[in-house]
Amino acid sequence: NIELDMANGKAYITADKEYTNPVVLFAAYNDDEFVCVSFIYKDLDAGINEINIPDDFSVENANTVKVMVWNNLEDIVPLFEAYEKIKS
């Protein structure tokens, strides 16, 4: 489970177990075009993990925000269902 709190600059990822060094990817889109993408590698503990949104991530001019957690950037295997928020 992934939640995003842009106002406080935090993402919250609830993990079912420990994950070593997965990539947490933040993506902002305007329709189908990338506006901004940023990622960090972050160990996850079982339970709720509070993660700071990268400083270089911006949702300006975006109408959709996604947060994804993958095993790495080579295999791109999702570890959780992606978070997606569409601005109304």
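**View 1. Surroundings of Phe80 in the predicted model.** Leaving aside neighbours within four places in sequence, Phe80 is in contact with Asn1, Ile2, Ile13, Thr14, Ala15, Asp16, Tyr19, Leu44 and Val69, contact meaning heavy atoms within 4.5 Å. Phe80 is buried, with a relative accessible area of 13%; buried means under 20% relative accessible area, exposed over 50% and partly exposed in between, with a 1.4 Å probe and protein chains only. This is a predicted model, in which local features need pLDDT of at least 70 and side-chain atom pairs count only at pLDDT 80 or more, whereas totals for chains, interfaces and linings use all residues. Residues are numbered from 1 along each chain as its sequence is written, and side-chain values use heavy atoms, with hydrogens and water left out.

**View 2. The nonpolar cores.** A nonpolar core is a set of buried Ala, Val, Leu, Ile, Met, Phe, Trp, Tyr and Cys residues joined through side-chain atoms within 4.5 Å. The largest such core has 21 residues, and those with the most contacts inside it are Leu4, Ile13, Phe26, Leu44, Phe57 and Phe80. At least two residues of this core come from each of strands S1 (2-5), S2 (10-15), S3 (23-30) and S6 (64-70); helices (H or I, at least four residues) and strands (E, at least two) are DSSP runs, numbered from the N terminus. A second, separate core of six residues includes Leu25, Tyr29, Met68 and Trp70.

**View 3. Aromatic pairs.** The structure holds four aromatic pairs, where rings of Phe, Tyr and Trp (its six-membered ring) pair if their centres lie within 6.5 Å, and planes under 30 degrees apart count as stacked, over 60 as edge-to-face and the rest as tilted. Tyr19 and Phe80 form an edge-to-face pair, at 5.3 Å centre to centre and with 70 degrees between the planes. This pair links distant parts of the chain, since Tyr19 lies in the loop between S2 and S3 and Phe80 in the loop between S6 and strand S7 (83-86), 61 residues apart. Tyr19, at 13% relative accessibility, counts as buried. The pair of Tyr29 and Phe34 is stacked, because the ring centres are 4.9 Å apart and the planes stand at 25 degrees; Tyr29 is buried at 14% relative accessibility, whereas Phe34 is exposed at 55%.

View 4. Three strands form an open sheet in the order S1-S2-S5, with antiparallel pairing; two strands pair if DSSP finds at least two bridges between them. S1 and strand S5 (47-52) stand at the edges with a single partner strand each, so one side of each is left without a neighbour in the sheet. Six bridges join S2 to the antiparallel S5, and the bridge partner of Tyr12 in S5 is Glu50. Glu50 also forms a salt bridge with Lys10, the closest N and O atoms being 3.4 Å apart, a salt bridge being a side-chain nitrogen of Lys or Arg within 4 Å of a carboxyl oxygen of Asp or Glu. Because Lys10 lies in strand S2 and Glu50 in strand S5, the pair ties together parts that are 40 residues apart in sequence.

**View 5. Ala62 and its contacts.** Ala62 lies in the loop between S5 and S6 and counts as buried at 8% relative accessibility. Leaving aside neighbours within four places in sequence, Ala62 is in contact with Ala28, Tyr29, Asn30, Val35 and Lys87. The C-alpha atoms of Ala62 and Ile86 are separated by 9.1 Å, with the two residues 24 apart along the chain.
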